[in-house]
Amino acid sequence: LQAAEKVLIQDGFEAFTTNAVAEQAGISIGSVYQYFPDKKTITAHLIEERISLVHSQIKVEIEKQPLSQSVFEHVAGAMEIALNVWMEEKAIRVLAESPEFDISEHIKLWLTQYFGVFLAQTTLTPRRSNPLELDLICECIAHIVSKHALRGNEEIPKRVLAEMTADMILLLYQLGAADEAERQAPGRRG
């Protein structure tokens, strides 16, 4: 996988072949095929490894944030940290630029897991009317990150994207608080 990462970073996704990986690793193509039947399988293993490392790094950085921050600042800060770490990962950026590979699903999974865990630790109540809203927000943010930010598009600065994420997450939870208050209002029939 180290050889695959080198080829990917040096030559780009279009030049990324099993032959190039074998040559970089100094092994026969048959040895590569023993473990990876094709380019797609190598890419899948490589991205899983890199994403796992990146997400561990993001977690460590987020845990360094002050506990006294508002929920908005925490979510925006966490998103900005995630963007910085993702953008420093060269293999992820190369794959994000490839039309053949969609990294947004990996980003969405992390966002959904992170925000689900973090927000469960707050006093915020999600909106009960549509439990898929957090998932949809994470999907939108993942698409923006994978299609714009990771491709070096500076039209949306990282801090703006981070704050936009925090706004959407908190809007979902503020609407949840309004739903809860309405449900508990005196004289309201259940």
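Reply: One term before we start: helices (H or I, at least four residues) and strands (E, at least two) are DSSP runs, numbered from the N terminus. Residues are numbered from 1 along each chain as its sequence is written, and side-chain values use heavy atoms, with hydrogens and water left out. This is a predicted model, where local features need pLDDT of at least 70 and side-chain atom pairs count only at pLDDT 80 or more, while totals for chains, interfaces and linings use all residues.

Me: OK, how many helices and strands does the chain have?
Reply: The chain has 9 helices and 0 strands.

Me: And where is confidence lowest, and where is it highest?
Reply: pLDDT is the predictor's confidence in each residue, from 0 to 100. Confidence is lowest in α9, with a mean of 68, and highest in α2, at 93. For the chain, the mean is 77, and 79% of the residues reach 70 or more.

Me: Let's go to α4. Why does its length agree with a helix?
Reply: The expected span of a helix is 1.5 Å times one less than its number of residues. Helix α4 covers residues 39-63, and its 25 residues should span 36 Å; the end C-alpha atoms are 36 Å apart, so the two agree.

Me: Which residues of α4 are buried?
Reply: Buried means under 20% relative accessible area, exposed over 50%, and partly exposed in between (1.4 Å probe, protein chains only). The buried residues of α4 include Thr43, Arg50, His55 and Ile58.

Me: Tell me about Thr43. What is it in contact with?
Reply: Thr43 lies in α4 and counts as buried because its relative accessibility is 3%. Contact means heavy atoms within 4.5 Å. Leaving aside neighbours within four places in sequence, Thr43 is in contact with Phe13, Phe16, Leu95 and Phe101.

Me: And His55, is that buried or exposed?
Reply: His55 is buried, with a relative accessible area of 15%. Not counting residues up to four places away in sequence, His55 touches Trp86, His106 and Trp110.

Me: Switching topic: how many salt bridges are there in the whole structure?
Reply: There are 4. A salt bridge here is a side-chain nitrogen of Lys or Arg within 4 Å of a carboxyl oxygen of Asp or Glu. One of them pairs Arg50 with Glu5, with the closest N and O atoms 3.6 Å apart. That pair links distant parts of the chain, as Arg50 is in helix α4 and Glu5 in helix α1, 45 residues apart.

Me: What about Lys108? Which residue does its side chain meet?
Reply: Lys108 meets Glu139 in a salt bridge (3.5 Å, N to O). Lys108 lies in helix α7 and Glu139 in helix α8, so the pair ties together parts 31 residues apart in sequence. Lys108 counts as buried at 12% relative accessibility, whereas Glu139 is partly exposed at 37%.

Me: Which residues do salt bridges with shared partners join into one network?
Reply: Glu5, Arg50 and Glu89. Glu89 sits in the loop between α5 (71-88) and α6 (90-97), and it counts as buried at 10% relative accessibility.

Me: Last one: how many residues does the largest nonpolar core have?
Reply: It has 52 residues, and those with the most contacts inside it are Ile58, Trp86 and Leu111. α5 gives the most to this core, with 9 residues. A nonpolar core is a set of buried Ala, Val, Leu, Ile, Met, Phe, Trp, Tyr and Cys residues joined through side-chain atoms within 4.5 Å.
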